[in-house]
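Here are my notes on the model you sent over.

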Amino acid sequence: MAGSQTQLIEGLNALSAGLILLTAFGMVATRQVQGVMRFFIVQSLFLAASAFLIGFNRGSIHLLALGAITIAAKVIAIPWVLKRTLPGDLYERREINQVINIPSSLLLALLLAIAAEFLVSPLLATTADPVIHANLPIGLAGILIGGYSLIARREALPQLIGILAMENGAFFAGIAIAPDLPLIAELVIAIDVVLIAVVVGVLTRNITQTIGTSEAASMSELREEPRP
Amino acid sequence: MTRTVVYNLIQLLFVIGFGPLYAGVLSRFKENVQSKRGPSIFQPYRDLWKLFHKDEVVSSETTWIFRFTPYLVFVIPLFVASLIPVLTDYPLAFAFMGDMLAGGFFLALAGFFAALAAVDTGNPYGPMGASRTRMVGFLAEPVFMIVFFTVSFVAQSTIPYIVQKKWVASPAAFFSPAHILLLIAFFMLILAEGGRIPVDNPSGHFELAMIDESKGLEYSGRGAALMKWGGQMKFLVLTCIFLNVLLAPWGLADDLQPGHVLLAIPLILIKILLFTVVLVMIETSLAKLRLFRISEFLGAAFIISVAAMIASIFSTSAV
């Protein structure tokens, strides 16, 4: 019966991989800042679920601890920190003027996902582990799509979440290909990520207080007087 | 052989008989959730009865298309119903008449004639609704295609019965990312094709905001009844494809015994009831999208379906 249990766990891991890709698309497609945040939290939950599943399957205490760290850092700490540092009206904001409109953004995100599949396919040929087959391409796609939303978003908070989503993607690929990474390294990364959130949060708060906006696009000039 | 023909006819009677009930339960549930009493779940039957007993008025300006369309709209869902597993999980007599692609073409044919009939009347709202439906249609078409491609990649077939067997076979196939993404894309497609809420408001009475409904405005009497009944059956058939082929391929009759086939009827009704609850939750918690946001909604469905396809291609080629 152990075989079918392993199969089921691998299936569930593949399921969380698919849902992580879906939430990555969701982050690209959402206008509301609050909505992007929610997608990020859900993505982190699936990431933790994947870590738990793989950890359970391989009997690795590292990965179980990792899942717990992910939940603590990304589902609880980062949203809380950002909620405390940022003024509340940032959350209610919508990005109306995207650099690239949402359908085109989604198509670009799709191309990035296809590119990720292509890039890792020679690597996947070397192994038959279904966990790696599920995690590596979608992790890379997560990195690329996070990087894309970092470029294409205008508001500060979605840009930050773009960075965090890149980290999520790297993490997701990492737990499959390097499950025995020392726990201390993972812990450092987790704390690092929370620190990034604090720094960007405080920075955005100060910028918003001085200039009155957090749109990166309107900060292209170094003058203090308003534009003519 | 005669048995499978009889079961196929039972299947058609199921679709004819329970189409209105499905619509009635859906609207009753929705009103209840919005803390209203709502009409009886048998109200659609009464409406049909009333319409069949009324006189039909046909404008003298219309052509044969206008008179022909209600019959087509009524019959097409039955054609599709004879191709898909509604009650049994083994192919019935007419199952190899066509695959899922044929089902898609049949539904497209009905939609095409409904749009033509709407333009035929010269009523200003008809062509407007028809052009909007076509807009939704051509945005939904690529998603349909990609879903078919993915299904044929995974199951090596587009006959719905064989596809359904594939998902039952192993949990690994059921939980694969391709399958889950496919489910979500197809669900969004059903919402768009059935004229449900994020795309269209089925209970709206404001002609300018109508998408699907305004095509039938000019019909009266028997024509209106057939159009209405056909629409309800189409939604039931789409739901059956979604539930029996993709989402929950369990609980169907697996042998030729008549008792098992009849037992499958309450089981599928329970599945549809659960699906109705989900649908009502979506309908009451979302607002109707603005017309030009529909392209984003279906664009998202397209992206998800293509993601499902690449996931299935790359995962099957590696194994």
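Predicted model: local features only at pLDDT ≥ 70, side-chain atom pairs only at ≥ 80, totals over all residues.

1. Leaving aside residues up to four places away in sequence, Gly111(B) touches Thr133(B) and Gly137(B). This glycine is found in helix 4 of chain B, which covers residues 100-121. Is Gly111(B) buried or exposed? Gly111(B) has 22 C-beta neighbours inside 10 Å, and 20 or more are needed to count as buried, so Gly111(B) is buried. As for Met145(B), 34 residues away along the chain, its C-alpha atom is separated from that of Gly111(B) by 17 Å.

2. Stepping back to the whole of chain B, the secondary structure comes to 11 helices and zero strands. The radius of gyration of chain B is 19 Å, close to the 20 Å from the globule rule for 319 residues, so chain B is as compact as a globular protein of that length. Its C-alpha trace spans about 60 × 45 × 45 Å along the principal axes. Buried residues account for 47% of the 319 residues in chain B. If you take the contacts in chain B between residues at least 6 apart in sequence, 79% of them join residues at least 24 apart.

3. Helix 10 of chain B deserves a look of its own. This helix runs over residues 258-285, and its 28 residues reach 42 Å from the first C-alpha to the last, close to the 40 Å expected at 1.5 Å a residue. Which residues of helix 10 of chain B are buried? They are Val261(B), Ala264(B), Ile268(B), Phe275(B), Leu279(B), Val280(B) and Glu283(B). You will notice that a glutamate, Glu283(B), is in that list. The partners against which these buried residues pack are helix 1 (2-33) and helix 9 (221-247) of chain B.

4. Helix 9 of chain B also pairs with helix 8 of chain B: their axes lie 10 Å apart, at an angle of about 175°. Angles over 145 degrees count as roughly antiparallel, so that is how helix 8 of chain B runs relative to helix 9 of chain B. On the helix 8 side, the residues involved are Leu182(B), Leu183(B), Phe186(B), Phe187(B), Ile190(B) and Glu193(B). They meet Leu238(B), Thr239(B), Phe242(B), Leu246(B) and Leu247(B) of helix 9 of chain B. By class, this contact has nine nonpolar residues, one polar and one charged.

5. Now to where the two chains meet. In this contact, 22 residues of chain B face 27 residues of chain A. Helix 7 (171-174), helix 8 (177-193) and helix 11 (294-318) of chain B each supply at least two residues to the side that touches chain A. Which helix of chain B gives the most? Helix 11 of chain B does, with 13 residues. The chain B side divides into 17 nonpolar residues, four polar and one charged.

6. Finally, chain A has seven helices and zero strands. The radius of gyration of chain A is 19 Å, close to the 17 Å that the globule rule gives for 228 residues, so chain A is as compact as a globular protein of that length. The C-alpha atoms of chain A fill a box of roughly 70 × 35 × 25 Å along the principal axes. Of its 228 residues, 44% count as buried. Among the contacts of chain A between residues at least 6 apart in sequence, 76% join residues at least 24 apart.

Methods:
Residues numbered from 1 in each chain as written. Chains lettered and ligands numbered in written order. Helix = DSSP H or I, 4+ residues; strand = E, 2+ residues; numbered from the N terminus. Expected span 1.5 Å × (residues − 1). Buried ≥ 20, exposed ≤ 12 C-beta atoms within 10 Å, placed from the backbone. Contact = placed C-beta atoms within 7 Å. Rg over C-alpha atoms; globule rule 2.2 N^0.38 Å. Nonpolar A, V, L, I, M, F, W, Y, C, P; charged D, E, K, R; others polar. Axes fitted to C-alpha atoms, helices over the stretch in contact; angles between N-to-C directions. Parallel < 35°, antiparallel > 145°, perpendicular 65-115°, else oblique.
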